[in-house]
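Thank you all for making time this morning. I would like to walk you through one chain, slowly, and I would ask you to keep the picture in view while I talk.

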Amino acid sequence: MADENNTQIVIKDLWKVYGKDTKRVFQEDLRNKSKDEIQNETGCIVGMRDINLEINKGEFYILMGLSGSGKSTLIRALIRLVKTTKGSIVINGEEITKMSSEQMIQFRRKTFGMVFQSYGLLPHMTVLENAAYGLKIRGIGKEARYEKAREVLETVGLKGWEEYYPTSLSGGMQQRVGLARALANEPEILLMDEPFSGLDPLIRRQMQDELVELQSKLQKTIIFVTHDLHEALKLGDRIAILRNGEVVQVGTPEEIITNPADEYVQEFVQDASPAKVLTASSIMSDIPVVTYAWEGPKTALTLMRKAKKRMGYVVDKKRKFLGVITAKELKRLLEGEEKYKTIPSTSIELVASVHPDTLIEDLFNVAPQNPYPIPVVDENNRLLGRISSDTIFDSISSNGGNNE
Ligand SMILES: Nc1ncnc2c1ncn2[C@@H]1O[C@H](COP(=O)(O)OP(=O)(O)OP(=O)(O)O)[C@@H](O)[C@H]1O
Ligand SMILES: [Mg+2]
């Protein structure tokens, strides 16, 4: 996943200590102590401890962790709303901890869009003026900024609301205005700190869906803070889990669910529904009997019996999946009058197949139609593996399956 050319943000050995005389915390006797111990002994609060992360261009990156784990500190450090104590943050090749304030302001305006939990809208300004506000600060003329604001308001589904004031909008709509305002600047990187936490569950889900759709078009780098595991799993390409200011695990949703690094992560993911995250590739196994369409029925039957199986998966010369054939059918062919040199296509049963990235949730629709383990094929219909219905049920009843 970490592709050097694609890396946009590199965070190295980053610390934030809140309080007075923060240098003391780095003395040998203290720096390895727990956050609580450090606080008791020095009065300083460790907001971030030795964080190392790389975030790629276009990545939807989630920061998750309990309250006080340092999520906001980290996201704010990226735009230096929090001044870090130690370590380095390189964004687009530039070390931001060393920039002058003036450089930082320019860099922030040019590079970032921000959406926070409180919408931060200006009540005496219309929706249009709010959406155009960031552009106004950048000195963009009225006509140009209103044009852009109209465009982004349409993108977030608020066409027709331009002349209203924020107070006449619901929470979800106000948050859309916040998002429109961030997008109007055409930022490379969007920072979102619990943007949907204040919304009703239904509206929240809708906003998540829309953000997924929007991101598939925009392909921005998004750093998104949430407490909500399902939100994280739904939105994230990767998730970093923080505890007491430290990163305890970074991984794709699938990696986090299947291999939680410790009990803390385990606790986070225990309510997750693996069926919504795991894909067919994580539970498929090898095909026991591959039957080649150009084989004779006798060879095919011999191989099947050797493997103690009652059926085989039939492929052509390019390993394209044709269907399944049963031992019973092969026997029937052999006992018949006609002599077959190869397996006749009329003996091959067509069955539904799935792709490696099919969600386990969706396998439930396919499984009942298939009397045999479900074949998994690639985009060229080449046979990759198979999934038995037992495996499907195991994968959702245990801690996420994968324990073959
Ligand atoms: N201005 C501050 N002064 C002192 N300590 C602070 C300050 N801001 C944050 N902290 C401390 O730093 C730690 C991390 O806080 P932070 O706000 O980053 O957590 P968070 O993960 O965003 O939590 P939440 O989910 O509640 O928003 C906490 O222990 C917090 O008390
Ligand atoms: Mg926070």
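Predicted model: local features only at pLDDT ≥ 70, side-chain atom pairs only at ≥ 80, totals over all residues.

Residues are numbered from 1 along each chain as its sequence is written, and chains are lettered from A and ligands numbered from 1 in the order in which they are written.

Let me begin with the whole chain. Its secondary structure comes to 17 helices and 15 strands, where helices (H or I, at least four residues) and strands (E, at least two) are DSSP runs, numbered from the N terminus. The radius of gyration is 28 Å, well over the 22 Å that the globule rule gives for 404 residues, so the chain is more spread out than a compact globule; that radius is taken over C-alpha atoms, and the rule is 2.2 Å times the number of residues to the power 0.38. Taken along the principal axes, the C-alpha atoms fill a box of roughly 90 × 60 × 40 Å.

The domain assignment gives domain 1 (4-273) and domain 2 (281-397), with bounds that come from an automatic or database domain assignment. The C-alpha centres of domain 1 and domain 2 lie 47 Å apart.

Of the 404 residues, 38% count as buried; a residue is buried if 20 or more other C-beta atoms lie within 10 Å of its own, exposed if 12 or fewer, and partly exposed in between, with C-beta atoms placed from the backbone. As for contacts, which require the C-beta atoms of two residues, placed from the backbone, to lie within 7 Å, residues 24 or more positions apart account for 65% of those with a separation of 6 or more.

Now to the ligand. Which residues surround ligand 1? The shell consists of Tyr18, Ile45, Gly47, Gly65, Ser67, Gly68, Ser69, Gly70, Lys71, Ser72, Thr73 and His227, a residue being near a molecule if its C-beta atom, placed from the backbone, lies within 6 Å of it. Strand E2 (45-56) and helix H3 (71-77) are the elements that give two or more residues to this shell, and H3 gives the most, with three residues. By class, the shell has two nonpolar, nine polar and one charged residues, where Ala, Val, Leu, Ile, Met, Phe, Trp, Tyr, Cys and Pro count as nonpolar, Asp, Glu, Lys and Arg as charged, and the others, Gly among them, as polar.

Staying with strand E2 for a moment, aspartate 50 lies in that strand, and its phi is near 50°, a positive value in a residue other than glycine. Aspartate 50 is partly exposed, with 15 other C-beta atoms within 10 Å.

Methionine 64 lies in strand E3 (residues 60-65) and is buried, with 24 other C-beta atoms within 10 Å. Leaving aside its neighbours within four places in sequence, methionine 64 is in contact with Thr226, Ala232, Ile239 and Ile241; of these, isoleucine 239 is 175 residues away in sequence, yet the two C-alpha atoms are 7.0 Å apart.

Let me finish with helix H14 (residues 297-306), whose buried residues are Pro297, Ala300, Leu301 and Met304. Why do they line one face of the helix? Seen down the axis of H14, they fall within an arc of 95°, so they line one face, the arc being that of the directions from the helix axis to the C-beta atoms. In general, an α-helix has 3.6 residues a turn, so residues three or four places apart point the same way. The buried residues of H14 pack against strand E11 (290-292), strand E12 (311-315), strand E13 (321-326) and helix H15 (327-335). After H14 comes lysine 308, with a positive phi near 55°, and in the loop between E12 and E13 we find arginine 319, whose phi is also positive, near 65°.
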